Amino acid sequence: MPPMRSLSVVVSYLMVLALPAIVGCTATSGRSFLPPVPGYNEKQKQLMVFDGELLEISGMYFLPDGRIAMNNDEEGKIFLVNMQTGAFESIEFEGKGDFEDLVLFGDSYYILESNGKIYKVGAQPPHTKSHVKFEGGKKIEFESMYVDAAAKKLVIITKDHRNSGKEILAYSYDPATNTFSTEPYYRISMATIFSRIQDNAITCKPSAAAVHPIEHKLYIVASIGKALLKCSMQGKVEQVYQLNPTQFPQPEGITFAPNGDMYISNEGVQGKATVLKFPYVHR
């Protein structure tokens, strides 16, 4: 593994009244979510700004040692980042590509490419590498992947597919057998999202997903549509939250600390990438 390096990281507390509002809020509210997400105090949120190699943060996963594993959208690298100091190490597993999300499962990292290919990279040297390709059909694009611990599987969620206007599809991947499900693991109807948010014109294309370690609920972020979905582990939508586009210009990653703290990343916009941390207060 290359020597540890350091990113330029700026950490600041965001005052609630300092940011523009989500559409539908008052001009001075500066809320991050509409309606508020239960369990999170937006007044305590922190903003972390990244540059350099993490300008294109696309996926995040909170590691047991307290660091966060991240991947760059365009380069086949895993970054292991200390969120307090900005110090990081990197693991290179591929050249150029369109890498969307990553998780740690067992003793390996799994990285999702937009075409459904999943790369397996050993967490420890020599970082043994392999990959498997989703063969479920053409014209399907993925950006989200998470661990279903109870099922001992990974789940990938479509961003676009042939019926993208009607539903969002999820497929499972079993690391033990190195196989994908041939049928959708579950389906999320766009009509359900419309009814929750009371807007039939909204577009919702998932860009990241993670499981809350305390609530055991699935959270799905949509960069296109600026939405956060809270779902059951079977994909049943329980709530839809609108995201403040000023705070979330391009939300592409989500992860949770074991204590429930939520992190949402934005790919680089106007020369910087950001991660917002929301402390979990209901424990």
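**A tour of rings and a pocket**

Welcome! This structure holds 18 aromatic pairs, and the model you have open is a predicted one.

Start by selecting Phe134 and Phe180. Their ring centres are 5.3 Å apart and their planes meet at 80°, over the 60 degrees required, so this pair counts as edge-to-face. Now look at where the two partners come from: Phe134 sits in the loop between β12 (129-132) and β13 (141-148), while Phe180 belongs to strand β16 (residues 179-180).

Next, select Phe248 and Phe278. Here the pair is stacked, at 6.2 Å centre to centre and with 25° between the planes. Phe248 lies in the loop between β21 (237-243) and β22 (251-256), and its partner Phe278 is in strand β24 (residues 272-278). This pair, too, links distant parts of the chain, 30 residues apart. Phe248 and Phe278 are both buried.

The last stop is the largest pocket, with about 530 Å³ of space. To find its centre, select Tyr61, Val147, Ala149, Val211 and Pro213, the closest to it of the 28 lining residues. Then colour the strands β5 (57-62), β9 (99-105), β13, β18 (205-211) and β22, each of which supplies at least two residues of the lining. Which strand gives the most to this lining? That is β9, with five residues. By residue type, the lining divides into 23 nonpolar, three polar and two charged residues.

How values were computed. Residues are numbered from 1 along each chain as its sequence is written. This is a predicted model: local features need pLDDT of at least 70, side-chain atom pairs count only at pLDDT 80 or more; totals for chains, interfaces and linings use all residues. Side-chain values use heavy atoms; hydrogens and water are left out. Rings of Phe, Tyr and Trp (its six-membered ring) pair if their centres lie within 6.5 Å; planes under 30 degrees apart count as stacked, over 60 as edge-to-face and the rest as tilted. Helices (H or I, at least four residues) and strands (E, at least two) are DSSP runs, numbered from the N terminus. Buried means under 20% relative accessible area, exposed over 50%, partly exposed in between (1.4 Å probe, protein chains only). On a 1 Å grid over the protein atoms alone, a cavity is a set of points where a 1.4 Å probe fits but cannot get out, and a pocket is an open set with protein on both sides within 12 Å along at least five of seven lines; lining residues have an atom within 4 Å of a point. Grid points are joined across faces, edges and corners, and a volume is the space filled by probe spheres set on the points. Ala, Val, Leu, Ile, Met, Phe, Trp, Tyr, Cys and Pro count as nonpolar, Asp, Glu, Lys and Arg as charged, and the others, Gly among them, as polar.
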